[in-house]
Each structure stands twice: as C-alpha cells, then as structure tokens.
Amino acid sequence: MPLPVPVLAEGVDPAWLPPAAFRPLGTRRTLIRGSGLLVETVHGEVADACARFGGRVDRDPGPGAGVSYDLVLELEPGRGDLGDEEFVCGRENGCTTVSASGQSGLLYGLFHVVRLGEDAFSGDRAREVHRPALALRMLDHWDNVAVHPVMGQVERGYSGGSLFWEDGRARGDLERVRAYGRLLAACGINAVAVNNVNVHRTEARLLTDRISEVAALADALRPYGIRTHLSVTFAAPIVLGGLETADPLDARVREWWARATAEVYAAIPDFGGYVVKADSEGQPGPFAYGRSHADGANMLAAALAPHGGTVHWRAFVYNHRQDWRDRTTDRARAAYDHFVPLDGEFADNAVLQVKHGPMDFQVREPVSPVLGAMPGTRLAVEVQATQEYTGQQRHVCWLGPMWSEVLRFRPEGGTSGAGRAGGATVGDLAGGLVAVSNVGDDPFWTGHPLAQANLYTVGRLAWQPDADPHRLLDEWIALTFPAAPPRLVAGLHKVLKGSWRTYEKYTAPLGVGFMVQPGHHYGPSVDGYEYSPWGTYHFADRDGIGVDRSAATGTGYAAQYAKPWSEVYESPDTCPDELLLFFHHMSYGHILRSGKTVIQHIYDTHFEGVAEVEEARETWASLVDLVDPARHARVAERYEEQLRSAREWRDQVNSYFFRKSGVADAHGRRI
Ligand code: GCW
C-alpha cells in the first residue's frame with residue numbers, strides 16, 4: 001500500500017508543496033520500481049498527484065507492460081556508484097528517469113522532478129548525478145515539552161506553539177509532523193532534534209521513561225527519510241539514574257549511558273543520536289568533574305557507537321559571568337580557546353556543532369575561526385533560522401545571502417565568488433549544516449509567511465552549500481506560488497532579496513551587534529548588554545565605538561584566524577567596513593571605504609533602512625490582487641510592526657550616537 005500524503009488541517013498552508021506544484025507530474029504516466037517504506041512514500045506522492053490531475057502510476061511488476069512512460073522512478077539497490085541519498089536524473093526518448101540505489105535517493109529524486117516542473121518533461125536532459133554535499137542536514141528544535149515559565153513552549157519560538165509537544169506531552173495527532181517531514185524532505189533535510197538544548201526536568205525524561213513519545217515522532221518523520229535526534233542533559237545519570245555523579249570517566253556513569261542508549265535504540269532503531277549543550281549558560285557539563293569536553297563527548301559517543309548513532313556536541317561554551325570593566329575577556333574568543341586545543345581528540349561519531357559566528361547569531365559577525373582550525377574533528381555549522389536577533393519573524397529578513405557567505409568563506413583565503421580559487425570553503429570543511437528551526441504550530445508554519453523562505457533556503461544550502469542563494473529564492477517562489485504572474489515573482493523577489501541588509505542597516509552598525517533589549521532580544525536597546533555579565537559590549541564612548549580585538553592592542557581574537565584573515569582583520573586599514581567595529585574601536589570621524597565617517601554611516605544607514613522598509617511595505621501592498629487574502633493580510637500586518645520597530649531602532653540608535661559624539665547629521669535631519 002502506498003503511504004497516503006499527509007492531510008493538512010483546514011487552513012494550514014501547504015508552503016512549498018501546494019498541490020499545483022505536482023501538476024506536471026500528476027498529468028503524466030509514471031512507473032515506479034522498487035520496494036520499501038520510502039518507495040511507498042514516493043508512490044503515495046505520485047498516486048496522489050495522479051488522482052488529482054488525471055495521470056497514471058504503475059508499479060513494477062504491474063499492469064504497466066506495453067505502456068510507454070513519461071517518468072520512471074527506479075530503485076536499483078545494487079548500484080555501487082551511488083550513495084544512499086544520491087540519484088541520477090536524465091531524459092531521453094520522451095522519458096525522464098530517476099535512478100537511485102537507496103530509498104532516500106529516490107525520494108530526493110522525486111522532489112527534484114517536482115522542482116523542475118514542466119521542464120522535467122521537455123526536451124532531452126543529460127544524465128546528471130545529484131548528491132548532497134553535506135551528509136548531515138539538520139534542524140534543531142528548541143521546543144520544550146512543558147511550557148517554560150520564561151521561555152514558553154518554544155525557546156526563541158515565533159511561530160506559535162510546538163509542532164511536537166503540547167500540554168506537557170507529545171501531541172496525539174501527528175499528521176502535521178508527517179507533513180512537516182514532507183516539507184523538509186522536499187528541501188533536503190534529513191535529521192531533526194525534537195527538543196530544546198536547554199534540557200529542563202520534564203524534558204530530561206524523554207531519554208528514559210518517556211522515550212515512546214519520541215518514538216512516535218520518529219515514526220511520523222521516518223517515511224520522509226528523517227532521523228530523529230534528542231537533546232539530553234549531561235547530568236542525566238544524576239537526574240534520572242540516581243547516581244551521585246555524571247563524571248564521564250566514572251565506570252558507573254558510562255554503564256548508565258550505555259544502558260539508557262540501548263533502550264533508546266530498542267524503541268527507535270534508526271535513532272540519530274544526542275545533541276548536547278554542556279557547560280554553557282548554566283547547563284551541566286564535564287567541567288564540574290575536571291574533565292574536558294572531549295571526555296564528555298566521547299563518553300556519549302561510546303554509548304552511541306554500537307548502534308550507529310552520533311553525538312552532536314555544541315561548541316557554544318563561554319563565560320557568562322564577565323565584568324565589562326575587564327577589557328581582556330572576550331566572549332568571541334571562547335569557542336576557539338575551549339575547543340581548538342582538543343582537535344583530534346573527539347571520537348569518529350562525535351560532531352562538534354559550531355555557531356557560524358563567534359558570538360551568537362547576530363545580523364553581522366565574522367565567520368567563526370573554529371571552522372577553519374579543527375582539521376582532525378568532524379564539524380557542523382549551526383545557523384539560526386528562527387530569527388531571535390533578526391526580527392523574530394515580525395520583520396522580513398531572508399538570511400540566505402548571509403548563510404551563503406558563511407558557507408563560501410575560505411578560512412585559508414581565496415576568492416569567495418563562483419570561481420574555486422583558494423583554500424577550502426566552510427562548506428567543504430564541515431560535514432553538516434544545522435539550523436535552529438523557525439517552525440511552530442502556526443498555520444503558516446513560520447509565523448511570518450515569508451519566513452518560510454529561510455527554512456527552504458537552509459535545507460537547499462545544506463544540500464549544496466555553494467548554490468547561489470538567489471536561485472534558491474527563485475525556486476522557493478516558483479514552488480510556493482505556482483504559475484505566479486511576473487509581477488508577483490518580481491514583487492516577492494524585491495521584498496526578500498535585500499531584506500537581510502535592510503535589517504542590518506536599521507539595527508546594529510558595522511558588525512558591532514547586540515544592541516537589543518535584554519531577555520527577549522526584540523527591539524533596540526543600545527546599552528542593553530553594555531553593563532552585563534553576558535559579555536557583549538560595544539564600548540561606545542564620547543570619541544568612538546567598537547571592540548578592539550586586534551592582536552597588537554586588543555583581545556587577540558583576530559589572531560585566531562589563519563592568514564590572510566588574521567592580517568586582514570588585524571588592521572582597520574584592511575578590515576572590511578561591515579566588520580570594522582567588530583574588530584576595532586574607531587573614532588566617530590574615521591573615514592570608511594565608502595568615503596563616509598563612521599558617525600555619518602550610522603545616521604545614513606538608519607534612515608536608508610527605514611526607507612527600504614517603507615518601500616517594501618508598499619511593494620507588498622501592491623500585490624494584494626495576486627496573493628491569497630489570508631497570506632497577504634498576515635504579511636501586511638507584520639509590515640506595520642516592522643516599520644514601527646525599524647523607526648524605533650533608527651531613532652534610538654541615531655539619537656544615542658548623536659548625544660555620545662556631539663556630531664550633527666550632515667543632512668540636518670532630526671536625530
Ligand atoms: O542565542 C542564545 C539564546 C538562547 C539559546 C542559546 C543557545 C537555547 O538566547 O535562548 O539557548 O543561544 O544557543 O544555546
């Protein structure tokens with residue numbers, strides 16, 4: 001029996017898989033060869049499309065003999081030239097063929113055909129192998145099982161409640177979870193962690209007596225080739241096991257983890273593994289026992305290894321009890337200082353999960369130096385699809401270009417354009433891309449309907465880190481708005497394309513970051529973290545602003561990079577403008593490459609950013625006749641808030657720096 005396509009509740013948006021996207025496929029004759037759970041998924045998808053649009057699908061052996069097919073989707077299990085997730089697609093003699101040796105490959109091949117649309121069925125197409133560049137393409141949910149008194153159901157969640165958990169337990173109706181898995185498979189994601197990395201008491205028990213709830217989620221995601229992962233607390237042997245220690249070198253602790261892990265695999269045979277936030281922002285970890293993070297990660301890796309699982313160990317370790325008067329301590333240095341000395345010590349099934357920047361998902365950060373400095377360690381890059389610091393899904397901020405810059409960055413130098421000159425890229429060096437999910441139980445999935453583009457883009461970039469993000473945006477538009485007239489396509493492109501830079505313009509300037517309101521992190525507060533133990537300062541004074549992170553006179557962070565970057569960042573003369581205040585404390589009068597002073601740049605970009613939001617709002621309004629009313633209204637409403645907030649940012653930031661510097665705006669605007 002083919003697996004039925006998940007039915008979405010009334011009003012839930014089909015996102016990038018609307019029925020119409022399947023029309024080209026659904027009007028044709030398809031033959032499917034092979035068997036297995038995911039082949040049934042593929043069959044279900046094609047059968048559903050055919051039922052809708054009048055096409056035909058056959059199985060082999062089946063009643064298809066003598067029929068000529070437009071599309072053949074075939075599983076050839078013995079093919080040694082293709083990995084499990086890879087497929088070959090080509091077209092000749094009027095027939096399009098997708099061949100795969102693994103079931104996931106066939107599923108990805110199907111969605112490739114969906115993306116091609118009518119093009120899949122016209123002309124000839126040379127046989128082309130498609131393979132994901134990164135083996136691990138993962139979404140981490142920061143979902144709490146029970147509503148947390150401060151963080152709510154989903155920590156940094158801006159899309160309603162959790163897709164997985166409600167009222168302290170797993171949701172009973174998992175149709176939506178299955179539909180989520182479907183959307184994820186269609187953009188290439190193959191792993192999901194279903195609970196918050198801050199593991200509170202209730203959530204800790206998912207590992208043991210509540211594992212059946214995780215197993216139910218895994219069952220819903222499996223038909224779409226997605227492996228389920230769990231965030232666990234390092235203190236589990238104490239909290240759940242009744243031991244008095246969680247020392248990773250203690251035999252009783254190791255045995256406890258081995259037993260607990262065996263039970264997890266008894267419930268979920270294809271379980272992906274653990275995600276761990278240790279010794280970070282109050283979470284327990286190996287430091288309490290005088291052990292290293294390699295000791296901690298390797299203990300869990302050993303428990304997972306016999307079952308084929310992986311531990312994702314996060315590198316987000318820093319001192320959150322700093323003193324702003326001490327200018328030598330620098331949060332940006334922390335991940336490198338903690339982890340680079342451990343390179344080569346991590347087990348083969350341990351992955352170090354590194355935030356893309358050295359701080360914390362700010363709108364502009366340099367690429368983390370850790371990503372180029374641990375050749376003996378498996379690495380995954382972590383990005384944040386949930387827009388904690390980039391407008392919280394009330395603002396349009398399409399992050400594709402930012403993530404693409406990170407993935408194309410070459411830690412040992414070289415051009416980052418289309419040419420491959422230079423050293424390896426971050427995309428080459430990392431084996432995985434992990435995004436903190438922006439999805440909840442909202443009918444549009446992501447709160448802001450246009451934030452779906454972030455989710456789609458992150459999956460596709462994980463598949464192909466050197467892809468042009470703008471092409472991926474076009475793909476998302478074409479799928480989500482099938483048969484859209486050119487005015488709509490152009491309008492969508494216009495409001496999304498530059499939205500990251502627009503957001504950057506009206507918020508924190510030149511890489512300085514963290515001018516947000518403490519706690520919830522929405523809206524401006526220039527000094528919000530300036531006198532705080534969290535360690536995220538701009539050091540603005542009457543003469544200038546920025547953090548001296550040079551090796552010569554600052555915190556030495558710039559020296560964590562290999563050449564040429566250590567030299568490029570070391571001097572204000574070579575440091576790129578957009579990162580200038582991240583690396584240097586500059587006077588307000590310093591002249592940027594643009595020819596403007598730092599202070600005039602601050603004023604101008606804040607005015608420009610607001611003007612760009614005003615324009616985007618108008619563009620969106622002009623599309624009212626072309627977008628379904630619910631979606632149009634939701635976005636229009638959010639533009640009102642974005643504009644209000646952007647003006648607030650502009651006015652607070654500009655007034656603040658006018659008062660600090662005493663320098664008037666060259667254009668005499670009201671600041
Ligand atoms: O960005 C910060 C967030 C925390 C989060 C932490 C992390 C889950 O403010 O809410 O905790 O990062 O990445 O662990």
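Two strands are taken as paired if DSSP finds at least two bridges between them. In this predicted model, strand E16 (residues 350–355) and strand E17 (residues 378–384) run parallel and are joined by 5 bridges. Within this pairing, Gln353 lies opposite Ala380 of E17.

Both strands belong to a closed barrel of 8 strands with parallel pairing, in the order E7-E12-E13-E14-E15-E16-E17-E18. On average, neighbouring strands of this sheet are turned by 25° against each other, direction ignored.

The largest nonpolar core comprises 202 residues. The members that touch the most other members are Trp16, Trp257, Tyr274, Trp313, Trp476, Tyr569 and Phe657. In soluble globular proteins, nonpolar side chains tend to be buried together. Leaving aside residues up to four places away in sequence, Trp257 is in contact with Leu207, Val232, Thr233, Phe234, Ala236, Pro237, Tyr274, Met299, Leu300 and Ala303.

Pro6 counts as buried because its relative accessibility is 8%, the cut-off being under 20%. Pro6 and Leu174 are separated by 168 residues in sequence, and their C-alpha atoms are 9.5 Å apart in space. Contacts of Pro6, again without residues up to four places away in sequence, are made with Glu175, Arg178, Ala179, Arg182 and Tyr224.

Methods. Residues are numbered from 1 along each chain as its sequence is written. This is a predicted model: local features need pLDDT of at least 70, side-chain atom pairs count only at pLDDT 80 or more; totals for chains, interfaces and linings use all residues. Side-chain values use heavy atoms; hydrogens and water are left out. Helices (H or I, at least four residues) and strands (E, at least two) are DSSP runs, numbered from the N terminus. Axes are lines fitted to C-alpha atoms, for helices over the stretch in contact, and angles run from 0 to 180 degrees between N-to-C directions. Buried means under 20% relative accessible area, exposed over 50%, partly exposed in between (1.4 Å probe, protein chains only). Contact means heavy atoms within 4.5 Å. A nonpolar core is a set of buried Ala, Val, Leu, Ile, Met, Phe, Trp, Tyr and Cys residues joined through side-chain atoms within 4.5 Å.
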